Amino acid sequence: MGNPRDVVIVDGTRTPFTKAGTSLGEVHPADLGQVALKELLNRTELDVDLIDEVIIGNTGSPSDAVNISRVVALRSGIPLKTSAYTVHRNCASALESISSGYEKIKSGTMDVVIAGGTESMTQMPLLHTQRFQQIFSEFAFAKTMGKRLSALKKLKLKDLKPRISVMEGLTDPFVGVNMGQTAETLAKEFHLTREAQDEFAALSHNKAVAAQKNGNLAAEITPVFLPPNFKKIVEQDVGPRDGQTAEKLAKLKPYFDRKYGSITVGNACPLTDGAAMVLLMSREKAESLGYKPMATIRSYAFAGLEPERMGLGPAYATPIALKRAGLEFKDMGLIELNEAFAAQVMACEIAMASDEFCKTKLGLSGAMGEIDPSILNVNGGAIALGHPVGATGTRLVLTLMKEMQRRETQFGLATLCIGGGQGGAMILEREA
Amino acid sequence: MSDIKDAIRIVDKGEICLVEWDLPGEKVNKLSSPVMERLRDVVDELAESSYKAAIFVSRKEKIYIAGADIEEIQKLNTKEAYMNAVTQAHEILNTLEDLPMLTVAAINGACLGGGCEFALACDYRLGSDDKSTKIGLPEVQLGIIPGFGGCIRLPKLVGLAASLDIILAGKSVNAKKAKKIGLISEAVPKELLEQRAIDFVTEKIARGGKKPSKTFEAKSMMDGFLNSFMGRSVVFKQARKTVLKQSKGFYPAPIKAIEVVQKTYGSSNRERCVLVEAESFCDVALTDVSGHLVNLFFALEDVKKQTGVKDKNIKAKNVDYMAVLGAGVMGGGIAYQGAAKGVDVRMKDITTDAIAKGLKAARDILGKKLKRRRISKFELANVMNRISGGTDYSGFKHQDVVIEAIVEDMNIKKAVIKETAEHCKADCIIATNTSSLSVNEMAKAHPHPENFVGMHFFNPVDKMPLVEVIRGEHTSDEATATIFALSKKMGKTPVVVKDGPGFLVNRLLLPLLSEALFLLEEGCDIVKVDRFYTHQFGMPMGPFRLMDEVGLDTCIKVLKIFRESLGERIEISKLSEKLSSTDRLGCKNRKGFYLYDERGKQLEVDQSVYAELGLPTPQHKLSSKECVERGMLQMINEASRALYEDRIVETPQEVDVAMIMGTGFPPFRGGLLKYADNLGIEYIIQELEEYSTKLGIRFKPAQSLLQLKSFYK
């Protein structure tokens with residue numbers, strides 16, 4: 001069975017996801033990626049000479065590792081001859097890395113591709129204002145003391161106020177709204193109460209804590225040993241809170257719209273550091289090397305929508321991916337729908353179950369269908385685990401694939417919303 | 001048939017010429033007597049030519065001139081022969097220096113010893129900034145001093161401080177440093193070196209082509225003072241102090257070098273200076289110390305050429321992936337040593353905490369190097385990135401070698417070896433880093449015992465150069481050769497030994513440690529005994545300090561194993577039982593015969609140890625000779641058994657290399673068995689017999705020793 005050019009996922013692993021500024025804050029994103037990739041190479045015992053390409057998603061573009069994919073590859077012991085490039089599709093960068101690898105393998109161009117993502121939202125830098133840069137370069141190039149002084153004189157206190165790159169990155173440059181505000185918009189338009197959102201968030205924590213306890217998350221995580229003293233070993237995601245309840249979450253103040261809003265830091269995903277990697281191969285290659293892959297990639301899709309409603313991205317991308325796979329929504333036995341915001345996930349659920357939305361907005365003949373809560377984000381989602389933007393896409397696929405193996409689910413969907421107004425979706429079929 | 005004329009060729013380039021060094025049939029250029037004769041002819045030919053400049057280049061890949069032919073030096077053994085060789089060389093280099101034309105050494109690759117002295121006799125030196133370029137005077141490492149004018153020309157060129165730095169430590173410098181101290185005029189990219197030398201000398205010719213004055217000009221006030229008449233005495237005094245501290249007075253060459261520089265620095269009478277150097281050279285070249293150091297040099301060169309097996313057709317397998325089982329300090333050290341030499345290392349242990357300890361051990365070694373600027377932060381990261389760890393066997397399928405460094409317990413080791421073999425490819429070699437357990441017994445657990453071998457590192461792994469490659473009964477040639485080659489790849493000196501209690505080094509060392517306990521029992525003072533061994537004999541550590549280092553519990557445990565396997569002749573002091581009942585473990589719990597601070601630095605002797613062992617305050621009555629000989633003679637006695645009765649190794653040279661590299665046995669003594677030969681076997685037997693009657697059967701001369709005239713033929 002199966003086509004020799006099917007694209008299969010052999011295995012994958014990730015670092016723990018930790019809230020920005022906590023345990024992994026001091027680790028460079030290239031080193032986060034290195035830990036995950038090195039471990040993947042060990043787990044799969046792959047002959048590194050066979051790797052055709054390394055594709056890694058990242059949005060922060062650290063200035064000391066601009067093509068971070070190449071840095072991660074070389075630091076992981078992948079040969080010099082092997083090419084590597086970085087992809088950026090905002091929150092879906094690490095889904096883009098997989099879809100790029102998929103295309104290369106499907107077309108017959110390549111056979112073995114490493115795909116993944118890495119992000120340190122802690123290390124996204126503070127920037128100087130444009131005006132400060134001008135004054136600084138004037139000062140630096142001034143030949144006389146007088147000119148230097150006159151350059152300095154132009155400097156005002158407000159010029160020293162830094163631009164916070166992580167915040168700028170989370171603000172839509174087309175419509176000028178923050179990601180949190182796009183979630184506020186959806187909450188209002190879809191009439192999502194604060195209570196319902198907090199319920200959803202608490203459930204995400206409860207599921208994640210359960211998955212920590214039963215080892216489901218440990219199965220996909222590789223520990224990070226912290227240099228230089230190695231006194232601390234990060235072995236678990238730091239986000240999930242044992243005993244989280246909607247009541248506790250209700251105490252938080254709305255963050256983006258303090259007066260009329262319902263989005264809090266408790267029902268949104270936190271800024272996060274982490275990396276995730278998967279090994280992609282053509283079916284024929286995997287078979288010839290004796291690997292037993294975990295899943296086949298059946299299809300993927302990206303779709304665009306209004307930036308200010310970017311949270312609905314999954315509703316837009318999913319039907320396209322389904323069509324490409326020749327499958328129905330009801331075939332999906334397991335769904336990972338990224339939890340950027342509780343409101344955004346709930347809005348997607350409503351939209352996908354709505355005849356009207358699906359007809360008018362998506363041009364479908366009717367509703368896609370309701371999502372059975374028992375198959376959605378069963379090991380918790382980004383609200384609890386975190387969302388390192390450049391790594392999440394791979395994490396969704398990894399978590400989905402491992403859970404499909406455990407549950408023996410035939411088809412699964414990984415989908416997420418993308419800042420800037422897009423959605424991404426990927427459909428997997430379990431390999432038995 | 002190669003012609004010695006090809007060793008140095010003059011190539012006409014118009015008004016200047018290139019002189020190419022290219023010794024036929026050799027990978028390196030070296031200064032043997034035929035080459036020196038050829039150099040004399042070349043210099044004479046240049047003297048008669050009309051060239052305005054000569055540029056000396058090497059046609060060897062990474063060698064300019066590696067130095068004098070040491071094999072030839074070794075064969076000279078009279079003062080006349082040495083004097084003759086040195087005087088000839090001086091004549092030739094003086095003629096070179098006096099040539100009317102400009103002379104330039106365009107140096108790419110190693111330019112050492114006589115090679116450096118040749119370059120110093122040229123008017124100018126340019127160096128390539130290639131990694132292979134090293135300029136220096138390593139003579140003192142062989143127990144001699146620079147004898148081709150190096151003691152005179154280097155200080156004249158770069159000043160006292162910089163030159164003594166190089167001469168006394170036998171150091172070499174890279175192009176960047178050489179440029180900084182003024183040893184070369186320019187550091188040039190390798191590819192441009194020759195053209196740059198031509199342009200350089202052409203410019204000089206255009207400006208009149210006058211020979212430069214080579215006298216050092218101080219660039220700073222401090223340098224000015226140090227080279228002034230008054231400053232010099234400070235420099236020499238300090239240099240003597242440093243040398244004596246480092247050599248403990250056992251090595252005459254650096255002191256001699258200081259003498260020569262002191263007598264010649266600032267003098268313009270070249271003939272006299274040269275004579276002073278030549279006389280002193282002969283003095284040190286004739287010492288036993290030099291003879292021993294030269295022998296050691298060749299013994300180590302031998303190891304480099306060896307493969308660890310007799311059959312020359314056996315090829316060692318390439319090792320790109322290596323796993324280490326047990327990630328403690330030892331495992332971490334082994335991981336570091338592999339990763340630093342480009343091997344990908346996977347550590348496995350039971351807990352992530354244990355792996356963290358191994359990673360820390362490796363990182364600490366690198367951290368020290370980073371602090372001393374031996375490596376950059378990028379190099380540090382690259383080495384650490386090669387090391388990963390896990391608690392399961394993931395990654396083991398592609399390991400070429402697995403080194404086992406877990407707890408010293410036969411049953412656990414056997415279980416782990418069996419389990420490991422199941423997770424590895426069939427031809428993966430498993431090596432045990434045991435220090436005291438039987439390799440043959442352990443091999444029984446391996447389904448393919450031919451792929452099982454011992455690889456015994458010494459602690460601390462990054463500093464101790466020896467690896468004992470323990471070849472078991474069933475170990476294959478290929479496995480032996482692979483571990484031998486891997487040891488060399490990891491920068492270590494391997495010696496192949498047979499299985500047996502303590503293998504070679506620990507077997508010989510243990511009688512010394514054991515004897516120290518008897519000495520203590522007889523009322524000896526710990527500090528005094530240790531000082532006899534270090535300051536009078538030249539060991540890096542005395543026996544008590546060494547026991548602390550090894551671990552007192554380990555010492556006693558191994559002693560018992562020895563008694564079980566080697567029999568009654570292994571006598572154990574009754575102090576050992578008392579010692580086991582205390583909480584003293586040595587360095588590892590910072591409490592042994594000595595005390596240690598939190599960072600493991602040795603403090604004074606713990607005076608309470610005497611009382612705790614039921615001993616009175618020591619009334620040290622034994623002579624230093626007796627204290628040292630009681631240990632050393634037992635070692636020699638045991639060595640004759642290991643060598644001739646149990647055939648642990650094949651040759652006395654292997655014993656000596658192993659003891660020097662594994663225990664720091666003083667190199668100037670040439671090794672344990674060279675020392676024995678110097679004492680005389682007859683004397684040794686006589687002393688052993690006396691001690692044997694007086695103190696016990698542990699001194700009884702071995703049958704093999706009684707039949708011996710000398711260890712070396």
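# Close-up views of a predicted two-chain model

**Figure 1. The two domains of chain A.** In chain A, the centres of domain 1 and domain 2 lie 42 Å apart, taken over C-alpha atoms. The model shown here is predicted. Domain 1 of chain A is built from two stretches, 7-122 and 270-430. Domain 2 of chain A covers 126-164.

**Figure 2. Chain A as a whole.** Chain A holds 15 helices and 14 strands. Its C-alpha trace spans about 80 × 55 × 45 Å along the principal axes. How does the radius of gyration of chain A fit with a compact globule? A compact globule of 432 residues would have a value near 22 Å, and chain A has 22 Å, so the two agree. Buried residues make up 54% of the 432 residues of chain A. Look at contacts in chain A with a separation of 6 or more: 81% of them link residues 24 or more positions apart.

**Figure 3. Chain B as a whole.** Chain B has 30 helices and 20 strands. Its C-alpha atoms fill a box of roughly 85 × 60 × 55 Å along the principal axes. For 713 residues, a compact globule would have a radius of gyration near 27 Å; chain B has 28 Å, which agrees. Of the 713 residues in chain B, 50% are buried. Among contacts in chain B with a separation of 6 or more, 72% join residues 24 or more positions apart.

**Figure 4. Where chain A meets chain B.** Here 17 residues of chain A are in contact with 18 residues of chain B. Which helix gives the largest share of the chain A side? Helix α1 (residues 29-44) of chain A does, with five residues. The chain A side divides into six nonpolar, four polar and seven charged residues.

**Figure 5. The largest nonpolar core.** This core has 352 residues. Four residues touch the most other members: M426(A), V104(B), L504(B) and L672(B). Helix α20 (residues 505-521) of chain B gives the most to this core, ten residues. In soluble globular proteins, nonpolar side chains tend to be buried together. Now zoom in on V104(B). Leaving aside neighbours within four places in sequence, V104(B) has contacts that include A53(B), I55(B), F56(B), Y124(B), L126(B) and F200(B). D123(B) is also in contact with V104(B).

**Figure 6. Helix α12 of chain B and its partners.** Helix α12 of chain B runs over residues 270-285, 16 residues in total. From first C-alpha to last it reaches 22 Å, close to the 22 Å expected at 1.5 Å a residue. Its buried residues include C273(B), V274(B), F281(B) and V284(B). Which helices do the buried residues of α12(B) pack against? They pack against α3 (79-98), α5 (150-158), α11 (252-264) and α13 (288-305) of chain B.

**Figure 7. Helix α11 of chain B and its two ends.** Helix α11(B) has 13 residues and reaches 19 Å from first C-alpha to last, close to the expected 18 Å. Buried residues of α11(B) include P252(B), K256(B), I258(B) and T264(B). The buried residues of this helix pack against α5, α6 (160-169), α10 (229-247), α12 and α13 of chain B. K248(B) lies in the loop between α10 and α11 of chain B. Phi of K248(B) is near 50°, a positive value in a residue other than glycine. K248(B) has 14 other C-beta atoms within 10 Å, so it counts as partly exposed. Just after α11(B), G266(B) takes a positive phi of about 85°.

**Figure 8. A positive phi in chain A.** E45(A) sits in the loop between α1 and β3 (53-57) of chain A. Its phi is positive, about 50°, although E45(A) is not a glycine. Is E45(A) buried or partly exposed? With 18 other C-beta atoms within 10 Å, E45(A) is partly exposed.

**Figure 9. Two cis peptide bonds.** The bond from P227(A) to P228(A) is cis, with omega near 0°. P228(A) lies in the loop between β8 (224-225) and β9 (233-234) of chain A. In chain B, a cis peptide bond joins N459(B) and P460(B), with omega about -10°. The loop between β16 (452-457) and β17 (466-471) of chain B holds P460(B).

How values were computed: Residues numbered from 1 in each chain as written. Chains lettered and ligands numbered in written order. Predicted model: local features only at pLDDT ≥ 70, side-chain atom pairs only at ≥ 80, totals over all residues. Domains from an automatic or database assignment. Helix = DSSP H or I, 4+ residues; strand = E, 2+ residues; numbered from the N terminus. Rg over C-alpha atoms; globule rule 2.2 N^0.38 Å. Buried ≥ 20, exposed ≤ 12 C-beta atoms within 10 Å, placed from the backbone. Contact = placed C-beta atoms within 7 Å. Nonpolar A, V, L, I, M, F, W, Y, C, P; charged D, E, K, R; others polar. Expected span 1.5 Å × (residues − 1). Core = buried A, V, L, I, M, F, W, Y, C linked by C-beta atoms within 7 Å.
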